[in-house]
Amino acid sequence: MAAAEHAAAASPADALDSYPLMVGKQDNTTLTGNLLAHVWARPDKGWLLAFAIAMAGSGALVLAITVTLVEGIGAWGNNIPVGWAFDITNFVWWIGIGHAGTLISAILFLFQQRWRTAINRFSEAMTIFAVMCAGLFPLLHTGRPWFAYFMFPYPSTLEMWPQFKSPLIWDVFAVSTYFTVSLLFWYLGLIPDLASLRDASKSPIQRKVYGIFALGWRGSGRHWHNYKVGYLLLAGLSTPLVVSVHTIVSFDFAVSLIPGWHTTIFPPYFVAGAVFSGFAMVMSWMVPARHFLGLKHVITMRHLENMNKIILATGMLVSYGYLMEHWIAWYSGNQFEWFVFFNRATGPYRGVYYLMLFCNVLTPQIFWFKWARTNIPLMFIASIFVNIGMWCERFVIIVTSLHRDFLPAAWDMYYPTWVDITLFLGTIGFFSTLFLLFLKFIPAVAVSEVKELNEELQHRPAPVTVVTGA
Amino acid sequence: MTTPRFPLPVLGSSAPVDPPAVELPDEASFAPGRTPGSEHGYGRSYWRSVEEQLHGDAALPGRDQEFPPGAFDAPKGFARRDFLQLMGASVALAGLTACTEKPVEKILAYTKTPEGMVPGNPFHYATALVQDGIGLGVLSTSWEGRPVKVEGNPTHPVSRGSTGPQVQAELACLYDPFRARVLKERGAGRSWRGFREAMRGRAGALEKDGGARLRFLSGPSSSPLIGSLRQAIAQRFPKARFHAWSATPRDSVYDGTALAFGRPLEPHYLVEKADVLVSLDADFLEARNDTVDLNLGFANRREPHHPRGLNRLYVVEPRFSITGGMADHRLKLRSADMEGFALSLAAELGKTLPGLSGFRSPAPLGGEAAKFVAAVGKDLASKRGAALVIPGERQTALTHAVAHAINAALGAIGTTVTFTEPAVLDTSTGRSSWQALVDDLRAGKVDTLVITAWNPVFTAPGDVDLPTLLAKVPNAVYLGLHDDETSRVVNWFLPAAHPFESWGDARSREGTVSIVQPLIQPLFGGISEAELLGAFLADEAKPYDRLKALHAAHAKTDFDSEWEVWLSNGVVPGTASAAVTPSLQGDRVRTAAGQARPAPAGLELDLVHDYKILDGRYSLNSWLQELPDPITKVTWDNVAQVGPGLAKKMGVANGDLLLLTVSGRSVEVPAWVQPGHSDDAVTVSFGYGRRQNTLGVKDADEPVVVGHDVYPLRTAAAPWFATGLELKKTGRKYTICTTQVHNVTEGRPIALMQSVEEFEKHPEAPDVRPPVKLGNKELEGSALPSVQPAIDYSKQQYKWAMSVDMSRCTGCSACVMACQAENNIPVVGKYQVGRGREMQWIRMDRYYSGPAESPEMVTQPMFCQHCETAPCEYVCPVNATVHSDEGLNDMVYNRCIGTRYCSNNCPYKVRHFNYLHWTQDKTQVEKMLMNPDVTVRARGVMEKCTYCVQRIERTRIVARIENRAIGDGELKTACQQVCPTNALTFGSLHDPKTQVSQRHADPRRFDVLHELNTRPRTVYLTKIKNPNPELG
Amino acid sequence: MEHAAEHHAAPVGKTFVLARFETGEALVDACYKVREKGFQHIDTHSPYPLHGGDEALGLGRSRVPRIALSGGLTGMFGGYLMMVYMNSVNWPLNVGGRPPHAPPSFIPITFETTVLLASLSIFFGLLALMRLPQPYHAVFESEAFRSAVNDGFWLSVALPPGGDGKDASALLSQLGGREVSTVQEDMR
Amino acid sequence: MPLFPRWTNTVSRLSGVLLLALPAVAIAGLMIVVRSTWGTKQERDIVQPIEFDHRHHVGDEGIDCRYCHYTVEKSPYPGLPATTICMSCHAQVWNKSPLLGLVREYYFKDRPIPWNSVHNLPDFVYFNHAIHVNKGVGCVTCHGRVDQMALIQQQAPLSMGWCVSCHRNPEPQLRPVEFITSMTWQPAPGVDREKLGAQLAQQYNVHTRTSCDACHR
C-alpha cells in the first residue's frame, strides 16, 4: 500500500521528505472539485450505517443521562471514598483528546509546518466535539446539576460568590474558554471554504445555506489582509491556551492532598498525555476518513508518518511521566505516597494499570521503525490502543488514588454500574454522530489553505522523487 | 372518664357534630382516612379506630360508642404531650422538606395552649426504658409532643446520662410504620372493648376452678405495677400460673448466687475500685441497661492519671467481645471449659488463700491456659481487696458460684462487689419456668394463655414446637408491637403500646424505681401490658390510677407534689435496694464443684445475643440493623464467627455459607473469620432471619429476610453453648455488607496504642509530637510551619474543639446511634452499605494489631475533625463548606451542588454524600422522628459531622439572651452526651479550665495525620494498655 | 452607505468594473498597474491570500493586533479584579484557613479571561473591520464572479459616481483581464 | 442574479447583534425578576380563613403584639395565638358576631384555625425571633406597619442578601427594647440614629454573626 502511494508521487516534494505533501498534479480547479466532492455526493451505505450506529450511541447517552438525573448519582458506582470515577475519568479523557486539534492548527501553524494544512480542519472539528463531550461530565457529575449555575460569578440575591481557590472553578473557566476559542478559530478558518461551497454548489438551497454561513465572503484582498493577522493571533493565543487547559485540569488533582494526586509533575505530564491521546484519536479517524472521502492525494503518507512520530514522542514523554511519578513517590519517603503506587501495581485494579502500561508505553515504541510508521493497518490499531491506554491512565490516577488513601478503615472498592458504562459509550456515540455530520457537510480539509499550499508547491524547483520499496 | 381528654383535630372519631353547623373551609383536610403523603395531610393517616382501619369510612357512623384512642390516658397535665396539636406538625415541617418552597403553608395554632408549652422550644421528659426487665432512666427530647431523641437521665444512678445504642433506637420502634394497628381475633378485626367483654366472660368461667387453666407468659419484668397486678390476679385466680421467658435469661446469675449464698441475689460489680479484673466471658463493657455504669467505672481506671493508676483486665472468652477488645490479656477458651478454668483458678489461689482450699479442676488445663491461670492467680492474690472476678451470664451457675467463692476469698465482697435482693420479679426466665409451661401445654392443661413476652414462637428453643402447642390452647392471647410469628398462631392478638405511649414503672439493676410516663398518645391505639392484665381483674381501674395508688406508699410528705417531682426527675428517691452482705456457703460450692465433669472435646457452638438487635426484638429497627457491629462491622446480618486457625484448616473465607449442625438440627449461616476467636468454637448471634418490611429503605432490591435464624440450634437446657457442633461448607457464597473492609493500620501512626511502661518512659504519643518551636517562634498545639498566615480566633468568644480518649473508648457505638437520631441521618439499606454509601456521621474505626490468633483491638471514632486548615474547604467551588468565625467547619447543604470534591480531598474520609434521595419515601409516621432543628438533606448533597451546631446555636442564643457565656458542660454534643465511658469531650479551647482544653494539653494527645498539617480541632488521646509482664 | 437608500429619492448604486486573471501573479501585476493609472478603490478577489497582494493594494499595518491587545488587557484586569472583589472585598470568608486574597490561586482564571476576551475581540474585531456579514455586494451581480473564491483571480475597480467605466474596462482588458464586465449595485 | 438581495446585509447584521444580545437580556431579566416584589412574594395579599384585621387590633385597640404572639421573646417562633386567646376577649365582646362564627366553631370543635402563613423562610433557614427581639430589633423593622395592614403582607424581601445586610451593620436597625413592639417609635428629635444604635449595640451586647452556621444547620 505504502509503495503504491510512492508510485503516485509525481508532484514536487520536499527534498528531505520521502513522501510528497500532495499527490498528483493539482490545480485550483481540480482541488475545488475533488476536495468538495464528498459534500455533493449522496451519502453512501457505509456512512449511513456508521451514522445509524452513532445515533444509537447518542440515544444510549440520552438514556443514561435521564437515569442519572432522575435517580441521582446513586445510579453510578461512585461511593465514599471513591467520589469520582468514570465521570471525571471520561471528562479528562475527552478534554485530552480535544487537545490535538488546537495543537495541530495553532502550534504547528506557528512553526509553519506545512503538512498541518491538510489535517487541521479535521482535527479542529474533533477538538470541538471532544470538548462538547467532555463538558457534559462536570455538569452531570454534580449531585444537583440544576444548581450548577452557582459556579458562575453572577450577583445573586444571596450575596454569595463562587470560591475562586477551587480548581473546579478554574476548570469551568478553562473549559468554557477553550471551547469558545476553538469554535471561533475553527469558524474563522471555515469562512473562505464556506464561500467556496456557496459558489461551487449547483443546488440553490445549498447555496443559500452555505451562503448564510459564509457571511458574504468574497475573497477580497482587503479582507485577507486583516484575516491573515487575526488568524495568526488566534493561533498565537490558542497555543498557551491549549497548554493551560490541561494544566488546569491536572490541577484538579495536583492541588489536592491525596497521595497519587498531589504531584507537581502533573501539568506537563497531563499535557503530554493529552496530545498523545489527541493525535491517536485523530489517527483513528483520519485513516478511514481519507480512504472513504478520497482524500489520499492531500492527506498523504507524509502526514500519517509525521503524526506517528509525534505519537512516539509524546508517548515517550508520558512514559517518562510514569517513571518520574513512581520515582518521586519512592524518593519522597512518604509512606502514603509509596503505598498508592505499590497498590496500583499490586492492588485490585492492577489489571487496568498493566493495560495502561502496555498501551501507553509499549505500543508507541513500534513507531521507532519506519515500516511501522508507514503501515496503515498497524498505525490504526496502535492509535486505538493508545486511546484505550489513556483512558486507563485517567482511571488509574483517579480511582486507585481514592479507593485507598490515608485511613485504612475508610478504604473501599469501586465497581461501575451499567449507567457508568452506557454514559461513557454514549459519549463516544455522540462524538461520532457529530463527526460524521461534519465529514458529510463540511470539507474535511481546509480547501483554501490547501490551494495556497499547492500554489507554493508549484513554485518549487524540480522535485526530487525518492522511490523506495517497489 | 368525665374529665375531657384533649381531642385531636384530625381525629375523625372526635368530631362531635355532623353535619357541622358551619361549613369549615378546610373540612376536607380534616377528613379521616386521608391518604398520607401530602404535607398537608401530615400526621393524619394513623389516627384510625379499628373499624375505620378495617372497613374505611363505611364503618365511621358506628364509631361513636367505640372507646376513642387515648381514652385510658391520664386526665391531667397530659395535653402537653398531645403531639397532634399541629403547631408541632408545622414546626416539624421545617425539618422535613428542606430545599423546597411551597406556595402557601398552613400554620395551625393550638386551640388551648398546654400549660408551660413554648412552641419551638423542646421539652425534656424523664421516663424509663426496659431491657430484659431491667429499667434505665432516660430523658426524651420532645418537640410539641413528638419524642425525637432519647438520652440517658443524668439523675439516674445507673445511667448518669449515658445509654447504649438500643435504648436510643427505641424511637425507631415507636415510629415504625409497620407496627400492628389492629386488634384481631383469629385475623378478624375486633375492638378493645370487644376483647374486654370476651375476657370478662372467659374470666368468669376460669374463676370457677380458681384459674387452674389460666397461664401467663411474660418477659422478665421489674415493674412494681406489673407485680401488684400479678398479685391481684393471683388473688382472684389462686391456681393461675405466671411464667417468664427470655431469650437472654440471667438465670445463671441468680442460680449462681443461690448456690453460693443460699438465695438468689443481684451482684453489683464496682469495677472502678478493682485494680485487677478477671472476666469469665462476662461482656460487662457492652453498654446495656444493667452495665452502663460499669463502663464509666472501668474507663475511669484506664486513665494513667487516676490516683490508683491503671487497672488490669484479663478476659477469658471463646469469641472476641467488646470487653475482650479492652482486655490487657485475653485467653481464648471454649465456654464449656469455663467451669474448669474457674475451678483451676480457684485451685491456683487455693494454694495461698485458705478460703479456696479444696477446689480442684476436673481436667488439667493446657499449656497456655495454665500459664495464664498462674499469672492471673498471682496478680489477683497480690491485689487482695482490690481484685474482682466477674462471671458472665452465659456461663453456668457453678462458674458463678466459684467466682463468688474466689471473690469472697479475695475479700472482694463488700469492697469491689456488693449484693442486693434482685430487682426483677422473675429470677428464673429460662429453662425451669419455661419447661413447666411447655409441659402444661403438652398436657393440654391450659385454657387461657396470656403472652406478653416478646414473640416466644420466634425465640423458642429449637426443641420445642410452640406453634402446634399454642394451636391447642383454646384461648391464647398475645400482646405485641408487631404482627409477628406468634400473633399468627394465637387467636387473640393485641397491638401493644410502646413504653413511650403508656404509663408504667420499672426498676434499675440496683433497684431504683423510675416512672414510665407516656410522651405521646398511642399512635396505633396500642394497649399496655398493665391494661391487658387489668382486663383479668374485676375492677376497671386505669393503669395510671393503679400506679399512683401503688407508689403513694413511697411518699414522705405530700404525695401529689412529690409525684410531680418523681415524674420530672425520672427517679423515685430512696427506692434503691438495700445492700446485703451474704455469707458464702463454701462447702455447697465445693461439693457442687466436686461433681463438675471435664467438658467433652469437640467443636463448640456459642450462641450470643446480638450487639444490635439483642434477641431479635429490634430486628425491624432499621437504625440498629444498619449500625455496624462493634467488632465485626457487619450490618444487616449475623455471621458465624470462626477463628483464623479453624478457617485456614477448613479453607473458609468471609461469606462462605456454612451448615451448622448440632444434635441433628442444622441451619445455614455465612462464615466470618474473626481474629482472636477461639478455633474450637463457632459464635453466632441469634435474633436474625426474620422477614423485614423493607424498613422504609430506599433500595428496592433489599433483602426481605435479613440474616439467618439460629434459634433452631438452641435448647432450653443449653441456651448458650453446646459442644458437638458439625461444620460443613455448602460451597455457596452469601453477600455480607460491612462498613470497614480493611482492619489493620498498615503501620500508619493513626490509632496509637502504648503500654503504660512506655507511656511513663516518655509520655508523648510516639512519633507524633510536633516541633514545639520553629526557630524562636512558639507553635500552637500541633501546628507545623506553614506559608499560610494563621487565622486569628482569639477575637471570638469560643473556640470549639473536641477530644477523644481512646483509652476509654470501648467501641460500643452508642455515639453512632446518638448522632443518627440527633442529626436526621438516613438509613440506606444493606446493599447501599455494601456499596460504601452508609451515612452515619461517626465511623467507628476498629483496627487489629498483632497476630490474627491473638490480636489487640483499638477503636477510634472518626468524624469530621474540623481542621483549621480544612482541605475540603478550599476545593469547594461554591463556598458550600467554609469555616465559621469560631472554627467550625460549616457544611451548608442548600449551597452544595454535590461535586464530591470535598470528600475526595478529605484525608479522613468523614464526609457522606446523599447518592440517592434517602428520605424520599418516608411515611408520615417516620417523618415524626425527624429532629426539626436539623435540615433534612436532599439528594445530591454532601453532609458530615457539624459538632451538633444546632445545639451550639440554641445554647448560644439562650446564653446571649441572658447576657452570659456558655459554661463548660452546659453544651454537649449528642455523641458526647450518651458516651458511657466519657471518652468524648467538647467545649471551647479559649478557657484553659474546660475539660476539652485539659485533654488537648494532655501528653497523650495526638492529631490524626498531623503531618498533613490540617490542624484538626478534634484530637485523640493514645490508648494505654497495662499488660502483665509475666504474660509479656 | 446604507443610509443613502433612505434619503435620496432615486439612490444610485456603486459601479464596479470586474476582470478575471489567470494567475495570482497576473492579478498582482495588474493591481499595481491599475493603481498607477490612478484608480483608488480597487480590490482583488482570490481563493487564498496572494503573495504581495497587500502591497499591491497599498494596505498598511492591520489594526487587529491593537484590538487584540486591548481585549486581552481588559480580560486580565477585569478577571483578577472580579475575583478580588468577590472573594476578598465583598465577602471575605475563612476558606480552609487560606487568606481571602490569594494571588496564586487567582492566576489561572486571570489567564483564561485574558485569552477569552482577546480572542473574542479578535473575532468580532475582524468581522467589524471586514464589514461582515455582508451577504450582498455589487460584485455578486456578476455570475462569472462565482469563481473568485474557487479558482478565479479577480480584480474589481470601483468607479467614481457618474463614471461610466469605459476607461477602466479598456485598461483591464489591455492588462490581459478576461470576462471584463461592469456591475452596478442594485439598490433594492 | 446575486444570491442575496441587498437588504439582507442589514438583516444579517441585526440578527447577529440579536444573537449576542438575547441571552444577555434574558439573564438580566431573570435577575430583575428575582429582585422584584413579585419574585420575593412581597406585598402580596394572602386571604385568611378568618377576617382578622390587624389594623383594628393593633391600631385602634393598641393591643401589644406580645399579647397574641406570646412566645416571641423566648422561642424561635413568634407563637401563633391559640384560639383560647381569641376567645378570652370574644367570649365577652362581639360574642354573637357572625364574623367570629368560625372562631367559635373551631374553638368548640377544638380544631386549630388553619391560618395561611405569610412569611415563609426556606426550611433550611433557622431564624430565631427571640434573639432578635431581645437585642433590640423591633417587630416593625421586618414586618412593617402591621397596624396599617388589613391583610398581613410580607414587607421585607426576606432574601439572604437582605438578612446579611443587617447582620453586617445592625446598628441602624436597633431600638430600645422597651419600644420593641412599637409601630411608630422614632429616635427623639436630635438623636443621631447611628450613635443611638451604636450605644444600644454596646448596651445589649449585640454582636451579629455572618457565619453560615448562624442560620443554616
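Predicted model: local features only at pLDDT ≥ 70, side-chain atom pairs only at ≥ 80, totals over all residues.
Chain A has 16 helices and zero strands (DSSP runs: H or I of at least four residues for helices, E of at least two for strands, numbered from the N terminus). Its radius of gyration is 23 Å, which agrees with the value near 23 Å for a compact globule of 470 residues (taken over C-alpha atoms; the globule rule is 2.2 Å times the number of residues to the power 0.38). Along the principal axes, the C-alpha atoms of chain A fill a box of roughly 70 × 55 × 40 Å.

## Chain C: helices and strands

Chain C brings six helices and four strands, in the order α-β-α-β-α-α-α-β-α-β. What is its radius of gyration? Chain C has 25 Å, whereas a compact globule of 188 residues would have one near 16 Å. Its C-alpha box is roughly 80 × 45 × 25 Å along the principal axes, and 53% of its residues are buried.

## Confidence and conventions

The predictor gives the complex an ipTM of 0.91 and a pTM of 0.89. Residues are numbered from 1 along each chain as its sequence is written, chains are lettered from A and ligands numbered from 1 in the order written, and side-chain values use heavy atoms, leaving out hydrogens and water.

Methods:
Buried < 20%, exposed > 50% of the residue type's maximum accessible area, 1.4 Å probe, protein only.
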